[in-house]
Each structure stands twice: as C-alpha cells, then as structure tokens.
Amino acid sequence: MKKMRKYFDVEIETMSRDQLEALQVRRLKTQLKRCYQDSEFYKEKFKKVGVKPEDVRSLDDLVHLPFVTKTELRDEQLAFPPFGRHTVAPPEAWAELHPSSGTTGAPVNNLWSFEDVKNISNWTARTMWTFGVRPGDIIQNGFSYGLWVAGMSTHYAARELGCFIVPIGASMTERQIDYLINPGSTVLLCTPSYALHIAERLKQRGISPEDIPLRIGCFGGEGGAEVPATREKIEKGLGIEAFDYFGLAEIGPTVASECPEKRGIHWVEDHLLLEVIQQETKKPCEPGEIGVLVITHLTKEATPMIRYWTNDLATLDKAKCKCGRTHARSVGGILGRADDMIILKGAKFYPVQVEKVVRSFCELSDEFCIELTTDPEMGTDMCTVVVECLKEDDVSKMRPLLRNGLKEECQVTPEIKFVPFNTLERTTFKAKRIMDKRQKKGPD
Ligand SMILES: [Zn+2]
C-alpha cells in the first residue's frame, strides 16, 4: 500500500555507495561536457586551469576544477546581464526565476528550467516523505512564496504527494494559528525562528499543543532545528516532532533533510555532488572534519553550478544511515556560515554556539542578538550577547550562569546585556543575529 511504504524512491535512496558514485560520475561527465560546450563562463574557467571535461574521469578528479563563488556570479551578471554566461539552457527552456535573498549584496539571479522544476518537485517530495509526510496530510506551508526557493518547491511537492495544502506563506501569524485549529494542519513548514514565534503566540492565545492535530514540523531557511535546545522548544511549544531542512538559492531548495533517525541531514546525492573543503588551504577535509560545503549540480539544466563555494560550514558522513538510506549526511546540519565567524580575543565562535547556550535556559526567551562594537579607548573589537530575561527578578541569578555557559561553549566570555521580554525583533523569515556596529577601519 502506497501510504505505508517506507521510502519514496527505494531504488535511488538505498542504492549501494558504488552504484551511487557510478551514477554521479556519469551525470558529472555529461554536465561538464555541456557546460564546456555551451557556456563561455565555464569554458574560460576550465581553460585557465588547463582542464578539459574528458580529464575528469572519477570523482577524485573534481579537485582539479576551480571553485565558483557568489562574488564571481555577481560580477558575471553585471558584465553579462541579466543572467550571466553560466546560463546553459536556452531561453525557451526557462521556467522560473529565483534570485538569492540579497542579504549579502546584490541578489544573484538563478533560473529553473521546466526540467529543473520537475526534478526539484520530485526531490522535494522525496525529502518530505523522508521526514514523514504522507498522502492525506494537511500541509501548512509557512515558507515564503514568490522569489524565495522554498515556498514554491514545497508547494509543488505537496501536490506531487497528494496532500491538501494551506499556501499561507511566511506571514499572518494569527491566521497561521487559526489554520492549525481549522482545518487542522498536520504538517508545518517554516523557518525555526518563525516556528518559535508561532509557538509563543499559540501559548498567548491559551491554546494547548494537544488541542491541535499538528504532528510534524520541518524547519529550514536558517540553522536551529538541529540545535537540541531549539528543537526541544519547538517540539514542546507545538506538540510535534521537528526536523531540519536545508537548501540555498544557487543550488536549490530542500536539497537535504533529516530522516526519523535524526542523524544529520541526508543530501539528494543523485542530483548533487558534495565536498567539504578546508576554509584556508582549500583542500578536501578529512572525514568528520568541519569545512565549507562545496556543491556541484549533476542534473541542473538552466544555471548549473560546478564546485559552488557555499560558505556554509558542515561535515559529511558517507556511512549508511540506520534508516537504510545510503545518501551522505551532514551531522548536526549546517554548523554556521564561514563569514559569520566571530573572532574575540583570539577565540573563534559562531552564532549557532551562542544559540545553543541561550536556549538551554528556560528563564530566557528564544530571541538573542550578538552586538559587535569597537572599544572606544582600546580600539579593539567588543562582543555583547543581548538576551531577554522572562522575569526581571532572574537577571542577577542568570548573569553568572549565562557567562559560564558561553565561556564553556565559545572558549571566551562576551559581555552580556539583559533586556525586557519582547524587546528584540521577532521575525517571520530569517533572524538576523549579528549586529555589526564596529567602526570601519581605514586602509592599512
Ligand atoms: Zn537516515
């Protein structure tokens, strides 16, 4: 019976590593050939390093190809507007435009061809099946619709899965709660920050999680769902089982999701090649070592990325999962952004580590922010973690507890500032955790 089967696509999801890698090599060769033939951007890049598509015979040969960076894509689109010469498919094949959010500069235009839409819908249906969505579920799609990649892809996938969908998008929090009651959504998709916000409002409206039929939530667009304290808060607040989800504009939406074993996010490795690269040496990391994810499109038709430098930090585990799936996993999900690294008194840490500590205290709200400033006398960088204490009386008790927690996790003690509950901004999209107020340094 279709409803009861364990895998969405048993053949693809459980094929042996050897079979999977053979499939990847076949697809990689085809992709490199078409990029070299039909894209001046890639031809120039490959020629610069003296590599031709036929020189890539195995996955190990991939290291000879250059990386593609976001800055490079931006420059390319400026020089060859509007889409750049890395657009390989002809205009008649184009179906949708999905630019990056533009949080770190001018948005990069990414195209989906009709074939890409088909593939994306199919793998999104697979990832949703992986975390437990089944035909008959009522899906409340709290991912933003429109230009952002996740709203549309999960919408298409819900249809492919035979689910009833509430296409609400990332807004109207009160109505999100109304729909959780009636028709009674069973699956919620949104960012983890927004899930916490919905849980907070649910509580304020005096509705118990047991009184709504919601059973599963899948949270992406930013890290957090795999931070134990955050996951616990979402699960308790909404009375659900929460899973992590990952995608990015240049590569595609929903390209990795947790399975019921929750041992990291499984990548859709039949469509993508994953590498983890050391940030400084640009060499491949050892198994288990944290590095920057570099992703190659195996099947993307319109704007294929060859060795795209994502700036996202993760590890990669290729061992077969307990769930039976053979596709590689990133344990703990995305561990941070390479450019979000904070260096304070020689110690390096990421906002996700601060989140882990802040959310482990029930006396604090889920919101926090990290302020970077310049010491007016010394000219050195200062870092302040701003948190909300639910009760003012708890501030003196919480200060040393939080300080010790942060010191243990981040190996350094930032300043701590307490503000009253509801002071920090709530978000329906991605939370902005770092406020950089440092004085700009002049040229050396
Ligand atoms: Zn698994």
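This tour visits a zinc site, a strand and a residue in the segment after another strand.

The model is predicted, so local features require pLDDT of at least 70 and side-chain atom pairs count only at pLDDT 80 or more, while totals for chains, interfaces and linings use all residues. Residues are numbered from 1 along each chain as its sequence is written, and side-chain values use heavy atoms, with hydrogens and water left out.

**The zinc ion.** Select the zinc ion together with C259 (SG), H266 (NE2), C321 (SG) and C323 (SG), its protein donors at 2.1 to 2.3 Å. Donors are N, O and S atoms within 2.8 Å of the metal (3.2 Å for Na, K and Ca); water is not among the atoms, so sites may look incomplete. The 4 donor atoms make angles of 104 to 115°, and the site is tetrahedral (four donors, all angles between 85 and 135 degrees). Next, compare C259, in the loop between β8 (252-258) and β9 (265-267), with C323, in the loop between β12 (308-314) and β13 (329-330); this pair links distant parts of the chain, 64 residues apart. Strands are DSSP runs (E, at least two residues), numbered from the N terminus. Both C259 and C323 are buried (under 20% relative accessible area, 1.4 Å probe, protein chains only).

**Strand β10.** Select residues 272-277: 6 of the 6 are buried, so β10 is largely enclosed by the rest of the structure. L272, L274 and V276 point one way, and L273, E275 and I277 the other.

**Q439.** Finally, select Q439, in the segment after β20 (434-436). Q439 is exposed, at 56% relative accessibility (exposed means over 50%).

Methods. Four donors count as tetrahedral if all angles lie between 85 and 135 degrees; four count as square planar and six as octahedral if opposite donors are over 155 degrees apart and all others between 65 and 115; anything else is irregular. Helices (H or I, at least four residues) and strands (E, at least two) are DSSP runs, numbered from the N terminus.
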